[in-house]
Amino acid sequence: MATIMDIPTVETPGRGQVDDIAVARRDCNIIDLTPSLHWVAGLLQMSDSFYPTGAYAHSFGLEGLVQDGVVTDRATLRGFLLEEMLPQLARTDLPVAARAWTAAGDPPDWECLREACFLGASVRGAREPREAAEGIGRQRLELVARLHGGFAVAFNRRAAAEGWPQPACVAAAIEGRSIGAPAEAVLAALIYSAAASLGVAAVKLLRLGQNSVQTLLAEALAGAPALIAAALAVETAEIGAFNPWWDIAAARHESADGRLFIS
């Protein structure tokens, strides 16, 4: 059986080794890995903090919880992330994104996409986080239409014409489809983005260093496969979560005397 050491390099006159297209030769068959590399690179771009979605301006409810004295240190932040935020994500944004990804196939199921948009916009109880998800999603969809064109352009036109909300979870699914990423990868990116955004906000709100937050992020990502499996098993009628203390904290944040984040 051939090993990686047995795969010959490919030379291009004037360039030396090909460094932008991975080609493996095995048993006289050529395996072009370019499509896989393309969506991985695209997923990295859309998950990066430099990606201009406006997420950096939001704490996703954390500032309200800090103001209420619920989250005060690493231990309470860990409890909120692993016991509240991510399990709720598996019952709200993740199953909605999975449905939107499926509906954005060829041909697209526009009725299911419409349902996903309204469902994704309704899973947050407080106004601030609901508007935050809508703002991030709209900005993200405008960017993906500019970067990738294609289906994202058609989706944005129909959503605007028919007055659909554009929540961030649906935007992530549309973008994932646009770069050719599988559904599970899109959901994993959503988990990463949610946990990382919370970590970035926590560094600004609590006496925590980046290394401490990165250990929490690693712990969150270790549970991603279980979260994705749980999300894919949620029936449409069961999508949603009830977490009143988080909603109350978000609602109080709206009228707080001082705020570092929009939400």
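This is a predicted model: local features need pLDDT of at least 70, side-chain atom pairs count only at pLDDT 80 or more; totals for chains, interfaces and linings use all residues.

Q: What makes up the protein chain in terms of helices and strands?
A: The chain has twelve helices and four strands. Both are DSSP runs numbered from the N terminus: helices are H or I with at least four residues, and strands are E with at least two.

Q: What share of the residues in the protein chain is buried?
A: Of the 263 residues, 44% are buried. Buried means under 20% relative accessible area, exposed over 50%, and partly exposed in between, with a 1.4 Å probe and protein chains only.

Q: Why is α6 called roughly parallel to α8?
A: The axes of α6 (residues 127–148) and α8 (residues 168–179) cross at roughly 15 degrees and come within 7 Å. Axes are lines fitted to C-alpha atoms, for helices over the stretch in contact, and angles run from 0 to 180 degrees between N-to-C directions. Angles under 35 degrees count as roughly parallel, over 145 as roughly antiparallel, 65 to 115 as roughly perpendicular and the rest as oblique. The angle of roughly 15 degrees therefore makes α6 roughly parallel to α8.

Q: Which hand does the crossing of α6 and α8 have?
A: The crossing is left-handed. That term applies if the near helix is turned anticlockwise from the far one by less than a right angle; clockwise gives right-handed.

Q: Which residues make the contact of α6 with α8?
A: Contact means heavy atoms within 4.5 Å. The residues include Ala133, Ile136 and Arg140 of α6, and Ala168, Ile174 and Glu175 of α8. By class, nine residues of this contact are nonpolar, three polar and two charged. Ala, Val, Leu, Ile, Met, Phe, Trp, Tyr, Cys and Pro count as nonpolar, Asp, Glu, Lys and Arg as charged, and the others, Gly among them, as polar.

Q: Why are α5 and α7 called roughly perpendicular?
A: The axes of α5 (residues 110–122) and α7 (residues 151–162) come within 12 Å and cross at roughly 65 degrees. The two helices are therefore roughly perpendicular to each other. Their crossing is right-handed. Trp110, Leu113 and Cys117 in α5 meet Phe151, Ala154, Phe155 and Arg158 in α7, a contact with six nonpolar, no polar and one charged residues.

Q: How do you know that asparagine 243 is buried?
A: Asparagine 243 counts as buried because its relative accessibility is 5%. This residue lies in the loop between α11 (224–232) and α12 (244–254).

Q: What joins the side chain of asparagine 243 to that of glutamate 84?
A: A polar contact of 2.9 Å joins them, and another of 3.4 Å joins the side chains of asparagine 243 and glutamine 88. A polar contact is a pair of N or O atoms within 3.5 Å; within protein, one must be able to donate a hydrogen and the other to accept it, and residues adjacent in sequence count only if both atoms are side-chain atoms.

Q: Why is glutamine 166 called buried?
A: Glutamine 166 is called buried because its relative accessible area is 5%. Glutamine 166 lies in the loop between α7 and α8, and a polar contact of 2.5 Å joins its side chain to that of arginine 138.

Terms used: Residues are numbered from 1 along each chain as its sequence is written. Side-chain values use heavy atoms; hydrogens and water are left out.
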